[in-house]
Amino acid sequence: MGTRGIPASYGGFETCVEEVGARLAARGHAVTVYSKRPIDTEEVPEYRGMRNIYLPRPQVRGVETLVATALSIVDSLFRSYDIHMIFNGANSPLVPLLRFFGKHVVLNTDGLEWQRDKWGPIAKKYYKTSEKISARVCKHLISDSDAIHDYYAQTHKVESTIIAYGANLPGTYTSKEVESVLSEYGLVPGQYFIQVTRFEPENQPLFCLQTFAKLKLDKIKYVLVGGSRTGTAYMESISSFGDMHTNVTLPGFIYDKRTLEILMTNSLAYVHGNRVGGTNPALLQAMAAGRPVIAADCVFNREVLGELGVFFESRIDSLANGMLKFVENPEYAKPQVFSNITRIMAKYNWDLIADKYEALFKKVAKSS
């Protein structure tokens, strides 16, 4: 509960639900997912072995997820589930209802949402309060990184189970398939940077574009995949910037797995500007695609990349130097390619992540 559901077509939570849920279903567990009713497509009552339950959602920004989760919880009380898995710490005020009826609850805390620039004072206050509630009312918490685990331990004096997100190695595509996708966006293999992110200030997409433009590179392009669910002044600034620079491509959100994998796999390098949150799914997918990464220097990104990334401070000269390392010497990327894939397979593959969820669920189900 607590996500937009499956099939995954939005973000990390949804992808985690789909990838972990499908693996648990394949192992014989009965998995039910509460999903948002689709607008343009038909409902899918069963997907990858999981049962899908659709409930109505109010289209009101700020309370949609909370109300949808509340409805899911009410519905779940009439069913015999062993575990209630809730994503998003913002749903923590609803946990006491499940606890009152003696249900086993696991909560994935998410990152530190109150640190995001996009939220106003009221929203930040709510997220901060929800975080405190999570620590007090939920016995079984999941942190998606060591840093989030340490934060909860130090700030709220509670333990949590560390389970990160995962990534899949990309598929194998023919030269014709690759050419078809790249030509659609006017791209040449190895001659473009790519960034996949939501258009929010703390993810620094505009800063990354501005830095790239300063370099005045003739043959290299910048592909910024993503957008914002609602129009914002920040998003308009990015759109305007893209309109003024012919070597900047803004394709919007791309949900087609094949297209996104081909774009990532054939890029010069992946740029990761996110500074807030825990383990980032897009970063993991770039590593799985065997691409070198230029990442914002923060504890979350260093935890995922180790010593494999090129890190930058939020200064134009710092990011520009990172980009030029790959433009001026393409061989610079080679050591990162194999190492990134190896790190994904050893620490961030979905089979391993599913193992950890399954072990936690079994432990919780046996607890009093």
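View 1. Helix H10 (residues 281-288) is largely enclosed by the rest of the structure, because six of its eight residues are buried. Buried denotes under 20% relative accessible area, exposed over 50%, and partly exposed the range in between (1.4 Å probe, protein chains only). Helices (H or I, at least four residues) and strands (E, at least two) are DSSP runs numbered from the N terminus. This is a predicted model, in which local features need pLDDT of at least 70 and side-chain atom pairs count only at pLDDT 80 or more, whereas totals for chains, interfaces and linings use all residues. Residues are numbered from 1 along each chain as its sequence is written, and side-chain values use heavy atoms, with hydrogens and water left out.

**View 2. Packing and ends of H10.** The buried residues of the helix are Ala282, Leu283, Leu284, Ala286, Met287 and Ala288. The buried residues of H10 pack against strands S8 (192-198), S11 (269-272) and S12 (293-296), and against helices H9 (257-265), H11 (299-305) and H13 (334-347); contact here means heavy atoms within 4.5 Å. At the start of H10, the backbone nitrogen of Ala282 lies within 3.0 Å of a side-chain oxygen of Asn280. A polar contact is a pair of N or O atoms within 3.5 Å; within protein, one must be able to donate a hydrogen and the other to accept it, and residues adjacent in sequence count only if both atoms are side-chain atoms. After H10 comes Gly290, which has a positive phi near 75 degrees.

**View 3. The open sheet S1-S3-S2.** Three strands form this open sheet, with mixed pairing; two strands pair if DSSP finds at least two bridges between them. Strands S1 (32-36) and S2 (46-47) stand at the edges with a single partner strand each, so one side of each has no neighbour in the sheet. S1 pairs with strand S3 (residues 50-55) in the parallel sense over five bridges. In this pairing, Tyr34 stands opposite Ile53 in S3, and Ser35 stands opposite Tyr54 in S3. S2 and S3 run antiparallel and are joined by two bridges, with Tyr47 having Met50 in S3 as its bridge partner. Five of the six residues of S3 are buried.

**View 4. Helix H1 on the sheet.** S1 and S3 pair over five bridges. Helix H1 (residues 12-26) packs on the sheet and touches S1, S2 and S3, its direction making about 135 degrees with that of S3. Axes are lines fitted to C-alpha atoms, for helices over the stretch in contact, and angles run from 0 to 180 degrees between N-to-C directions.

**View 5. Salt bridges around Arg48.** A salt bridge places a side-chain nitrogen of Lys or Arg within 4 Å of a carboxyl oxygen of Asp or Glu, and the count by this rule is 13. Arg48 forms one with Glu18, the closest N and O atoms being 3.0 Å apart. This pair links distant parts of the chain, as Arg48 lies in the loop between S2 and S3 and Glu18 in helix H1, 30 residues apart. Arg48 is partly exposed, with a relative accessible area of 39%, whereas Glu18 is buried, at 9%. In the hairpin of S2 and S3, which has two residues between the strands, Arg48 takes a positive phi near 50 degrees.

View 6. Arg23 and Glu19 form a salt bridge whose closest N and O atoms are 2.7 Å apart. Both residues lie in helix H1, four residues apart, about one turn of the helix. Glu19 also forms a salt bridge with Arg48, with the closest N and O atoms 3.6 Å apart. Salt bridges that share partners join Glu18, Glu19, Arg23, Arg48 and Asp351 into one network.
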